[in-house]
Structure formats: structure tokens, C-alpha cells
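Try each task before you read its solution.

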Amino acid sequence: MKFDVMTLFPEMILEYCNFSIMKRAIDNKILDINTINPRDYSLDKHKKVDDTPYGGGAGMVLMVQPYIDCYESIKKAENSITIMLSPQGEPLNDSLVNNLSNYEQIILVCGHYEGFDERIREIIRPKEISIGDFVLTGGELPALCIIDAVSRKLEGTLGKLESADEDSFANGLIEYPQYTRPREYRGLYVPEVLLNGNHKEINKFRLKESLKRTKQKRPDLYNLWLNRQK
Ligand SMILES: C[S@@+](CC[C@H](N)C(=O)[O-])C[C@H]1O[C@@H](n2cnc3c(N)ncnc32)[C@H](O)[C@@H]1O
């Protein structure tokens, strides 16, 4: 899976991907992360990428020329998708992440300042994705959310001992409580059922806890799950 990230701040992307599971996936050639800076494509003599908005108002708007020239310089695979990070986009969730994991190449267009000149959207015609109903200063964190979440779905990214199958949302529920050593801490004990090695009982306990938590913390997901059981 190749990610091409259009960003004015490539270090933010590359630095994050230089640690832990992401780094291992890159070293194992499961992931390829490439950054392209629209500033390098600006025809302005000062490499300007933003300007004041027509009609007035606060902030700076990203200019169409550097973004389009930068975008058009990216070699597109047959099975690729272009995503613009935007608070106005479709909210990111596990099922969208699963869909994205089927592409060979994902191009991520990160905004900054007041956002994009509308013609960038009109020309690129990207899928717009939001990571929630709040506004961040830039698209780099949302891009990293997508890179990280999609990467976990790729075969080989998680080691044998790590699995996404039982994570929250994989079966429509949120995950059961987890424990590790010691058995007792400040009078709080690990549930007995997890210590006896009876996997049937353990699975029963975990499903019951998952259902309990989902009902309590995410009634919206719980109701969807109930409807799917009918
Ligand atoms: C300050 S925001 C621009 C917001 C824009 N003026 C609006 O109100 O829709 C700058 C950039 O951060 C990114 N961004 C901010 N919040 C985001 C979110 N919730 N999801 C995805 N991207 C976001 C986008 O790339 C956006 O272009």
C-alpha cells in the first residue's frame, strides 16, 4: 500500500511513521509513505502557497496553482483513491477504513490555514473525509489517523501476537476489558474466569462484557448490533 501525502509539513507525517508498528511495516515493505510539498510547485518567486480570501474575511486560503501542479505530478496507480482531509467530509469510521484498505494507493491532500481554494476541490474531485465535528489547524493529524488505521488492516502490519479482529468495532461492538499481570493491584483483582484457561468460558465472559460496555458507552452501536441479530 502506497500513501502519497500532499502537505506543507512533510516532517509531521514522516516523524510519526518513524516509530513502533508503523516503522516496522515500512521496514517490512508493507507500507510506503511518500510526501510531496505543494510549496515546491509554486510558480511564485517567494514560493507562496496561500493568499487572502476574495470577499474578505479572516485567514489565508491555499492557492489553486501549487496544489493542482503538485497533485498532477503524482503518478496514479490504477487502483488509487484521492482523499482531501476536511471537517466537511464523510466522518471516518471502521467500515470506511476497511474500504480504504482495498486500495493500492491512497493520495492524501492536507489543508492548512483557512483551507482550500474551492477550485482545488472542483479539479481534483477527491473524496472528502473528516475525523470528527471539530476543526484542527491542519490536515496532517487527520491524514495520520487514516494512514495508521488503514495500515493496521493490512496483512502483516500487526505481528502474530497483535490482532485487529477483536478490537473495538470489528464485530460492531466495543472491546471487552483487558488485564495483565499482576493478578491483584490495590485490592483490584483480575476476574477469575480469565485465569482458568477455559476458552469457552472466557469467550462467553468477553462477549457479555462487550455487550455491557457497548450498551453503556455507545447505545447507538448497541442498537445497530441488536438489529443485525434479528
Ligand atoms: C482550519 S482548517 C479549515 C477549516 C475550513 N475553514 C472550514 O471551516 O471547513 C484547515 C485544514 O485542516 C484540516 N482539518 C481541520 N479539521 C479537520 C477535521 N475535523 N477532519 C479532517 N481534516 C480537518 C483540513 O485539511 C483543513 O483544510
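**Exercise 1. A bridge between strands**

Is Glu90 buried, partly exposed or exposed, and what is its relative accessible area? Then find its salt-bridge partner.

Solution. Keep in mind that the model is predicted.

Step 1. The relative accessible area of Glu90 is 37%. Buried means under 20% and exposed means over 50%. Glu90 is therefore partly exposed.

Step 2. Its side chain meets that of Lys127 in a salt bridge, 2.7 Å from N to O.

Step 3. Glu90 lies in strand E5 (residues 80–91), and Lys127 lies in strand E7, so the pair ties together parts that are 37 residues apart in sequence.

Step 4. Check the partner. Lys127 has a relative accessible area of 28%, so Lys127 is partly exposed.

**Exercise 2. A bridge within a helix**

Find the salt-bridge partner of Asp27 and state where both residues lie.

Solution. 

Step 1. Asp27 pairs with Lys23; their closest N and O atoms are 3.0 Å apart.

Step 2. Both residues sit in helix H2 (residues 20–27). They are 4 residues apart, about one turn of the helix.

Step 3. Asp27 is partly exposed at 48% relative accessible area. Lys23 is partly exposed at 33%.

Step 4. Now take another pair. Lys48 and Asp51 form a salt bridge with an N to O distance of 3.9 Å. The cut-off is 4 Å, so a pair at 3.9 Å counts. Lys48 is partly exposed at 31%, and Asp51 is partly exposed at 31%.

Step 5. The structure holds 12 salt bridges. Glu118, Arg121 and Glu128 are linked in a salt-bridge network.

**Exercise 3. The ligand**

Solution. 

Step 1. There are 21 residues around the ligand. Leu85, Gln88, Gly111, Glu114 and Phe134 come nearest.

Step 2. Look at the backbone. A polar backbone atom of Leu85 is 2.6 Å from a ligand oxygen. A backbone N or O atom of Glu114 lies 2.9 Å from a ligand nitrogen. For Phe134, a backbone N or O atom is 2.8 Å from a nitrogen atom of the ligand.

Step 3. The ligand taken alone exposes 590 Å², and the protein buries 85% of that.

**Exercise 4. A nonpolar patch**

Which residues make the nonpolar surface patch of about 270 Å²?

Solution. 

Step 1. Phe134, Leu136 and Leu141 make this patch. Phe134 is also one of the residues that come nearest to the ligand.

Step 2. Leu141 belongs to helix H6 (residues 140–152). Its relative accessible area is 51%, so Leu141 is exposed.

Terms used
Residues are numbered from 1 along each chain as its sequence is written. This is a predicted model: local features need pLDDT of at least 70, side-chain atom pairs count only at pLDDT 80 or more; totals for chains, interfaces and linings use all residues. Side-chain values use heavy atoms; hydrogens and water are left out. Patches are made of residues with over 30% relative accessible area and no salt bridge: like charges are joined within 9 Å, nonpolar side chains (Val, Leu, Ile, Met, Phe, Trp, Tyr) within 5 Å. Accessible areas come from the Shrake-Rupley method with a 1.4 Å probe; for residues, only the protein chains shown count as cover. Helices (H or I, at least four residues) and strands (E, at least two) are DSSP runs, numbered from the N terminus. Buried means under 20% relative accessible area, exposed over 50%, partly exposed in between (1.4 Å probe, protein chains only). A residue is near a molecule or strand if one of its heavy atoms lies within 4 Å of it. A polar contact is a pair of N or O atoms within 3.5 Å; within protein, one must be able to donate a hydrogen and the other to accept it, and residues adjacent in sequence count only if both atoms are side-chain atoms.
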